[in-house]
Amino acid sequence: MKKWNLIIDVAECTNCNLCTLATQDEYVGNQWPGIAAEMPKHGHRWIDIKRKERGQPPLVDVAYLPVMCQHCDDAPCIKAAENGAVTKRDDGIVIIDPEKSVGQKQIMEACPYGVVFWNEELNIPQAWPFDAHLLDAGWDEPRAATACPTGAFRALKVEDSEMRRIRAEEGLQELQPEAATKPRVFYKNLHRFTKCVVAGSVAGEISGVEECLHGATVTLLKDDDVVARCETDAFGDFRIDRLDPASGGYTVKVAHDGFHGHTMEFELDDSITLGTIRLSPG
Ligand code: SF4
Ligand code: SF4
């Protein structure tokens, strides 16, 4: 049976917030029986856009991560709910019933992703219901997906076997895999949020003037093993991505024809910009 999934491409999200605003427009002042009660005007972000900055100026990398109910197949919120207040539909969508969930704060507390909001006025937990009322009315994707101008927010209804194939083919990842909730939301380029980057610039003196060195070879080693290798760009800059946070000591070796090589060591806690590495003429 075909079920709904989301693919969020972190590299394509520009933080335009149109998915968030479309969701607020859909639910503030509107109630959809069996799917969602009205969303409060303030304080709720059923689709939230988180921001991550990596490195230090001038080599800074900024990424945005849309986070919403992950529509888990093994959902802690369903286990925490009483009276069948949270259910999984046959199409994979998780619904918090706006009437049965009254007073059930434990539903919000059980969610490991922090995407359930408490509606003080109605005394209920609320999360993004995948715009299920629109899909039931014949829409072929949620409104939040139609609002996205970059393709960062993509919904698709496929067999789970097909989703496994897409997941492998596109290198999709789960948010917080340690939660083991079998989410139906998958992220592309999640390393922009979860991994570290090492960046820097290479310069050298040419005819008495310091110049950026294009094409310098930068080799990153850990315990004498090569982790990554790249070349500096036209501005003499390099960046090496997908390194594990707090992964300890590294050595970087820089080489360029006509210059002495340079070696430096550093500890990687979080993303780091090594500054300008100056090579002396060889
Ligand atoms: S993300 Fe949270 S609220 Fe949504 S299904 Fe999973 S556990 Fe439940
Ligand atoms: S609409 Fe698309 S690009 Fe804009 S914030 Fe949402 S996911 Fe990102």
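Select Ile166 to begin: this residue sits in helix α6, residues 160-170. Helices here are DSSP runs of H or I with at least four residues, strands are runs of E with at least two, and both are numbered from the N terminus. One thing to keep in mind as you click: this is a predicted model, where local features need pLDDT of at least 70 and side-chain atom pairs count only at pLDDT 80 or more, while totals for chains, interfaces and linings use all residues. Residues are numbered from 1 along each chain as its sequence is written, and chains are lettered from A and ligands numbered from 1 in the order in which they are written.

Still on Ile166: buried or exposed, or something in between? Ile166 counts as partly exposed, because it has 14 C-beta neighbours inside 10 Å. The scale goes like this: buried means 20 or more other C-beta atoms within 10 Å of a residue's own, exposed means 12 or fewer, and partly exposed is in between, with C-beta atoms placed from the backbone.

While you're on α6, follow the chain into the loop between α6 and β9 (185-188), where you'll find Gln176. Its phi is near 45°, a positive value in a residue other than glycine. Most residues other than glycine have a negative phi, and most peptide bonds are trans. Gln176 is partly exposed, with 13 C-beta neighbours inside 10 Å.

Next, jump to the loop between β1 (3-9) and α1 and pick Asn15. Here is another positive phi in a residue other than glycine, near 65°. Asn15 has 15 other C-beta atoms within 10 Å and is partly exposed.

Step on into α1 (18-27). Colour Cys19, Thr20, Ala22, Thr23, Glu26 and Tyr27, which are buried. These residues lie on the same side of α1, because they cover an arc of only 165° around the axis; the arc is that of the directions from the helix axis to the C-beta atoms. What covers them? Contact, here and below, means C-beta atoms, placed from the backbone, within 7 Å. Just after α1, Gly29 takes a positive phi of about 85°.

From there, go to the loop between β2 and β3 for Pro58. The peptide bond from Pro57 to Pro58 is cis, with omega near 5°.

Time for the ligands. Show ligand 2 and its 15 surrounding residues, the closest being Cys13, Cys16, Cys19, Cys148 and Phe153. The elements giving two or more residues to this shell are α1 and β3 (61-67). A residue is near a molecule if its C-beta atom, placed from the backbone, lies within 6 Å of it. By class, the shell has 11 nonpolar, 4 polar and no charged residues. For the classes, Ala, Val, Leu, Ile, Met, Phe, Trp, Tyr, Cys and Pro are nonpolar, Asp, Glu, Lys and Arg are charged, and the others, Gly among them, are polar.

Now switch to ligand 1, with 14 residues around it; Cys69, Gln70, Cys72, Cys77 and Cys111 come nearest. Its shell holds 11 nonpolar, 3 polar and no charged residues.

Head over to Gly249, in strand β15 (residues 248-255). Gly249 counts as exposed, with 11 C-beta neighbours inside 10 Å. Beyond its neighbours within four places in sequence, Gly249 is in contact with Glu265 and Glu267.

Finally, zoom out and colour by domain: domain 1 (3-193) and domain 2 (196-279), with bounds from an automatic or database domain assignment. Their centres, taken over C-alpha atoms, are 39 Å apart. The contact takes 6 residues from domain 1 and 10 residues from domain 2. On the domain 1 side there are 1 nonpolar, 3 polar and 2 charged residues.

With everything in view, the protein has 7 helices and 17 strands. Its radius of gyration, taken over C-alpha atoms, is 24 Å, well over the 19 Å that the globule rule gives for 282 residues, so the protein is more spread out than a compact globule. That rule is 2.2 Å times the number of residues to the power 0.38. Along the principal axes, the C-alpha atoms fill a box of roughly 75 × 35 × 35 Å.

Key. Two residues are in contact if their C-beta atoms, placed from the backbone, lie within 7 Å.
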